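I set out to record a few local features of this model in my notebook. The entries follow the order in which I looked them up.

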Amino acid sequence: MNKMISENIYSFYALEGKSAIVTGAGNGIGKATARLLAAFGANVMLCDIEEESAEAAAGQICAEGGRAVSMYCDITDRDLIEKTVNKTVEEFGTVDILVNNGATLGGGKPIAKVDPPEFARLIDTNLTGVFYFIYAVLPIMRAKKYGKIINISSGAGVVGGETDFHYAAAKGGVIAMSKGLARELGHESINVNVVAPGLTNTRMAHEWEFEPALKRFYRVGEPVDMAAAVVFLASDAAGYFSGQVISPNGGEYMI
């Protein structure tokens, strides 16, 4: 490949000098996303309710030559979210990229076993928490007319599921909210997109139910497969993508 073309292609995807926040970054898709963002040159804030996991993941990034910091953050707590955003600005100067990955499962419950507090728990974490983080970073992005917001939904948010309707409701809400914000913020050069992972080999998936869908594809998705979609959406290569749902799932379902 021509050297000039090669360099231009790299710069199209590179993230040098960009600053990112990744929620739920201590494990699984969040951790893989933080590592890949750092590998492409971004400075990364890893936040998680599991503080030690986030700290260990940030340490791994630094050991690999990247730049990362970590912080405890409960995504249902607006004060902690503000502290996380402020710490990111203190460390890296700004926030260019927000990856809303933090979430929780419902435990495979049918509606008869989902009481109002349980429903509220899923909505608070998986939908309202996403709103809280967007609300916190938006003034920064609006001031410079630049931002990449990538919200992690789920296949359940696209096609539903046999159980955990409240999980599907929250993740479907993430998609609808993202599309609405993409329309509102597009003229301010703030892109809002969604990654809706299919079955992925993560700890959270194993905690619920894990039946590899090998009849549909030759393997189950790995966290890095989802991270690759996030990094693409965070790059200038996806500058004309907004309000879109990308679903890495090996053909398990199609949007």
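This is a predicted model: local features need pLDDT of at least 70, side-chain atom pairs count only at pLDDT 80 or more; totals for chains, interfaces and linings use all residues.

**Entry 1: helix 4 and helix 5.** I looked up how helix 4 (residues 78-92) and helix 5 (residues 116-144) pack. Their axes come within 9 Å and cross at roughly 35°, and the crossing is right-handed. From helix 4, I noted Arg 78, Ile 81, Glu 82, Thr 84, Val 85 and Val 89, which meet Tyr 132, Phe 133, Tyr 135, Ala 136, Val 137 and Ile 140 of helix 5. I sorted this contact by class and found 9 nonpolar, 1 polar and 2 charged residues.

**Entry 2: helix 2.** I checked the span of helix 2 (residues 28-39): its 12 residues reach 17 Å from first C-alpha to last, close to the expected 16 Å. Its buried residues are Ile 29, Gly 30, Ala 32, Thr 33, Ala 34, Leu 36, Leu 37 and Ala 38. Their cover includes strand 1 (19-23), strand 2 (43-48), helix 3 (51-63), strand 4 (97-100) and helix 9 (223-234). After helix 2 comes Gly 41, with a positive phi near 105°.

**Entry 3: Asp 96.** Beyond its neighbours within four places in sequence, I listed contacts of Asp 96 including Gly 17, Lys 18, Met 141, Tyr 146, Gly 147 and Lys 148.

Terms used. Residues are numbered from 1 along each chain as its sequence is written. Side-chain values use heavy atoms; hydrogens and water are left out. Axes are lines fitted to C-alpha atoms, for helices over the stretch in contact, and angles run from 0 to 180 degrees between N-to-C directions. Helices (H or I, at least four residues) and strands (E, at least two) are DSSP runs, numbered from the N terminus. A crossing is left-handed if the near helix is turned anticlockwise from the far one by less than a right angle, and right-handed if clockwise. Contact means heavy atoms within 4.5 Å. Ala, Val, Leu, Ile, Met, Phe, Trp, Tyr, Cys and Pro count as nonpolar, Asp, Glu, Lys and Arg as charged, and the others, Gly among them, as polar. The expected span of a helix is 1.5 Å times one less than its number of residues. Buried means under 20% relative accessible area, exposed over 50%, partly exposed in between (1.4 Å probe, protein chains only).
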